[in-house]
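Subject: Handover of a structural model

Dear colleague,

Please find below the sequence and structure that I am handing over to you. My findings follow directly after them.

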Amino acid sequence: EIIYWRKNWGLRNEIMNHFGWRALAPDQWKFEINDPEQITDLITIIASFLNATKWEEEGESVWCYGQIRDTLIQNIVNLVLVKKFMEANPDVYLEFYDSY
């Protein structure tokens with residue numbers, strides 16, 4: 001997996017709101033990113049949650065900051081690599097889905 005939103009409701013909601021994504025049905029979420037520049041937006045949002053205070057106040061997660069920090073950093077690293085790959089391969093797109 002490229003990024004991990006499970007049980008990180010605050011992060012997930014901020015991303016969904018930024019992109020204007022809405023559920024297809026109450027239990028069905030699926031979204032696409034076709035433009036590598038949208039990856040930059042994702043990185044910016046995730047990076048904003050690397051602030052311990054923001055995470056604890058807005059993360060709405062079962063994990064505390066110390067438990068999720070390394071995962072957030074790995075998410076950013078993964079997204080940088082995916083963005084570069086998308087730039088070199090314009091026919092590639094990302095698909096996000098709710099795993100429930």
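Helix α2, residues 36-48, has 13 residues and reaches 19 Å from its first C-alpha to its last, close to the 18 Å expected at 1.5 Å a residue. The expected span of a helix is taken as 1.5 Å times one less than its number of residues. Helices here are DSSP runs of H or I with at least four residues, strands are runs of E with at least two, and both are numbered from the N terminus.

This is a predicted model, in which local features need pLDDT of at least 70 and side-chain atom pairs count only at pLDDT 80 or more, while totals for chains, interfaces and linings use all residues. Residues are numbered from 1 along each chain as its sequence is written, and side-chain values use heavy atoms, with hydrogens and water left out.

The buried residues of α2 are P36, I39, L42, I43, I45 and I46. These residues lie on the same side of α2, because they cover an arc of only 165° around the axis; the arc is that of the directions from the helix axis to the C-beta atoms. Buried means under 20% relative accessible area, exposed means over 50%, and partly exposed lies in between (1.4 Å probe, protein chains only). The buried residues of α2 pack against α1, β1 (30-33), α4 (65-88) and β2 (94-97).

I43 illustrates this packing. It is a residue of helix α2 and is buried, with a relative accessible area of 17%. Leaving aside neighbours within four places in sequence, I43 is in contact with I76, L79 and V80, where contact means heavy atoms within 4.5 Å. I43 and I76 are 33 residues apart along the chain, and their C-alpha atoms are separated by 5.6 Å.

The pairing of α1 and α2

The axes of helix α1 (residues 9-19) and helix α2 come within 10 Å and cross at roughly 145°. Axes are lines fitted to C-alpha atoms, for helices over the stretch in contact, and angles run from 0 to 180 degrees between N-to-C directions. The crossing of α1 past α2 is right-handed; a crossing is right-handed if the near helix is turned clockwise from the far one by less than a right angle, and left-handed if anticlockwise. On the α1 side the contact is made by L11, E14, I15, H18 and F19, and on the α2 side by Q38, D41, L42, I45, I46 and S48. These residues divide into 6 nonpolar, 3 polar and 2 charged. For this count, Ala, Val, Leu, Ile, Met, Phe, Trp, Tyr, Cys and Pro are nonpolar, Asp, Glu, Lys and Arg are charged, and the others, Gly among them, are polar.

Within α1, the buried residues are G10, L11, R12, I15, M16 and F19. Their cover includes β1, α2, α3 (52-58) and α4. After α1 comes G20, whose phi is positive, near 70°.

Helix α4

The 24 residues of α4 should span 34 Å at 1.5 Å a residue, and the end C-alpha atoms are 34 Å apart, which agrees. Buried residues of α4 are Y65, I68, L72, N75, I76, N78, L79, V82, K83 and M86, and they pack against α1, β1, α2, α3 and β2. V82 counts as buried at 15% relative accessibility. Apart from residues up to four places away in sequence, V82 touches I2 and L94. V82 and P36 are 46 residues apart in sequence and 8.3 Å apart in space, C-alpha to C-alpha.

A52 lies in helix α3 and is partly exposed, with a relative accessible area of 34%. E60 is placed in the loop between α3 and α4; its phi is near 45°, a positive value in a residue other than glycine.

In strand β2, E95 is partly exposed, at 38% relative accessible area. Its contacts, leaving aside neighbours within four places in sequence, are K30, F31 and E32.

The chain as a whole

The protein chain has 4 helices and 2 strands, running α-β-α-α-α-β from the N terminus on. Buried residues make up 35% of its 100 residues.

Yours sincerely
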